[in-house]
Every structure is written in structure tokens, then in C-alpha cells.
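Let's work through some exercises together, one step at a time. Keep the structure in view as you go.

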Amino acid sequence: MTVLPITIWGEPVLHRRAAEVEVFDDELRTLIADMFETNDAANGVGLAAPQVGVGKRLFIYKYDNDDGAPPSGVVVNPVLTLSKISGALPDPDEEEEGCLSFPGGQYPLKRADWARVQGFDGDGKPVDFEATEWFARVIQHEYDHLNGKLYVNRLTERYARRAMKQAKKSGWGVPGLTWMPGVDPDPFGH
């Protein structure tokens with residue numbers, strides 16, 4: 001297994017819809033294993049293929065949950081069904097998110113409290129489970145990556161301005177920027 005570099009906001013693969021996975025083979029299984037290794041090295045709770053420069057519709061997660069879903073897994077070609085998202089402003093103390101592809105930034109964001117996840121595992125076998133609360137947040141966050149969105153694209157105007165200020169100050173928004181988990185300093189201080 002290999003730790004892969006994580007792409008940073010501005011890399012084109014992060015900003016376009018990822019392609020459906022059509023072949024479940026050893027190459028896909030190697031990518032999945034490398035993504036788990038990368039996620040562990042980055043102290044992440046999830047990682048989507050575009051975050052490691054691969055424009056395919058799959059993500060992995062590693063999150064202990066009370067929903068009966070495995071504490072770690074992969075979902076290939078996922079389909080999400082969500083509960084309604086509250087129109088209230090996000091709670092900055094309870095609903096703050098971060099992203100490995102927007103390193104170091106954490107901003108409040110409203111998400112649905114429930115998600116049904118359907119798709120396939122790395123061998124092409126069906127996957128179907130429900131996620132609630134923070135686990136549902138993790139799933140929605142990773143799923144967004146497959147549609148060319150980062151959580152900062154969903155922020156309220158106030159927090160979006162702060163995020164874009166951080167991006168500009170950091171020199172992001174251009175292709176070719178990455179950081180290497182386990183080599184570069186952990187942007188979230190784990």
C-alpha cells in the first residue's frame with residue numbers, strides 16, 4: 001500500500017463530476033487500499049478518489065458509528081437519499097467541518113441528519129446502509145467530492161468569504177498543489 005498526495009482546492013479533478021467506475025479489478029482494489037492508507041496517514045474520517053487525483057466515483061470512510069454500518073468501508077458509484085436539511089444557520093460550535101483538500105480550514109455547515117447510502121464495494125457487491133448525525137455528515141462530505149464540490153462551496157456567505165480569504169492567502173486555486181500525509185505537517189494538528 002502507498003500513501004498518496006492529497007490534492008488541494010484548485011486542482012481541476014476536485015471541481016468536476018467524477019466518472020462512474022465501470023471495472024472492478026485489481027487496479028481498483030489497489031486504489032482503494034492506497035486510499036485507506038492515505039486516509040490513515042492524514043488522520044481523516046473519509047477520502048474521495050478525486051482527492052488523490054483520480055476522477056472516479058468512489059470514496060472510503062473510517063468512522064465509528066451507531067448505525068450498524070461497518071466502522072470503515074468503501075462505496076463505489078454511490079447514490080444518496082437524504083433527509084431534509086434545516087434552513088437554520090449552522091451552529092459554529094457543533095457543525096464545523098474540515099477537509100483534507102482545504103487543509104487547516106474549518107467552517108460551520110448545515111447537513112442532512114440522515115442519509116441512505118447505496119452503491120457497491122470494491123468487488124462490485126451491493127452496499128446499502130443508513131447513516132445518521134456526524135456519520136451522515138461524513139458520507140455527504142465525501143459524496144460531494146464526487147460531484148465536483150468541496151464543503152466550502154456550500155458555506156453561507158459569511159463563512160465562504162473567510163474560506164476564500166484563507167485560500168487566497170495560502171496561494172490555492174491553481175492546479176498542481178498537493179500535500180503529503182505523514183511527510184508534511186498535519187494541517188489539522190493531529
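**Exercise 1. Find which residues F102 is in contact with, leaving aside its neighbours within four places in sequence.**

Step 1. Contact means heavy atoms within 4.5 Å.

Step 2. Leaving out neighbours within four places in sequence, the partners of F102 are W9, Y107, Y151, V152, A163, M164, Q166, A167, W172 and F188.

A word on the model: it is predicted, so local features need pLDDT of at least 70 and side-chain atom pairs count only at pLDDT 80 or more, while totals for chains, interfaces and linings use all residues. Residues are numbered from 1 along each chain as its sequence is written, and side-chain values use heavy atoms, leaving out hydrogens and water.

**Exercise 2. Describe the largest nonpolar core.**

Step 1. A nonpolar core is a set of buried Ala, Val, Leu, Ile, Met, Phe, Trp, Tyr and Cys residues joined through side-chain atoms within 4.5 Å. Buried means under 20% relative accessible area, exposed over 50%, and partly exposed in between (1.4 Å probe, protein chains only).

Step 2. The largest core has 32 residues, and L58, F102 and V152 have the most contacts inside it.

Step 3. Helices (H or I, at least four residues) and strands (E, at least two) are DSSP runs, numbered from the N terminus. At least two residues of this core come from each of α1 (26–41), β3, β4, β6 (102–108) and α3 (157–170). The largest share, four residues, is from α1.

Step 4. There is also a second, separate core of 17 residues, including A115, F129, A131 and Y143.

**Exercise 3. Work out what kind of aromatic pair Y63 and F135 form, and what the pair ties together.**

Step 1. Rings of Phe, Tyr and Trp (its six-membered ring) pair if their centres lie within 6.5 Å; planes under 30 degrees apart count as stacked, over 60 as edge-to-face and the rest as tilted. This rule gives seven aromatic pairs.

Step 2. For Y63 and F135 the centres are 5.9 Å apart with 5° between the planes, and the pair is stacked.

Step 3. Y63 is in the loop between β3 (58–62) and β4 (72–82) and F135 is in helix α2 (residues 133–146), so the pair links parts 72 residues apart in sequence.

Step 4. Y63 is partly exposed at 23% relative accessible area, whereas F135 is buried at 1%.

**Exercise 4. Decide how enclosed α2 is.**

Step 1. Twelve of its 14 residues are buried, so α2 is largely enclosed by the rest of the structure.

Step 2. Among the elements covering the buried residues of α2 are β2 (46–48), β5 (96–99) and β7 (114–120).
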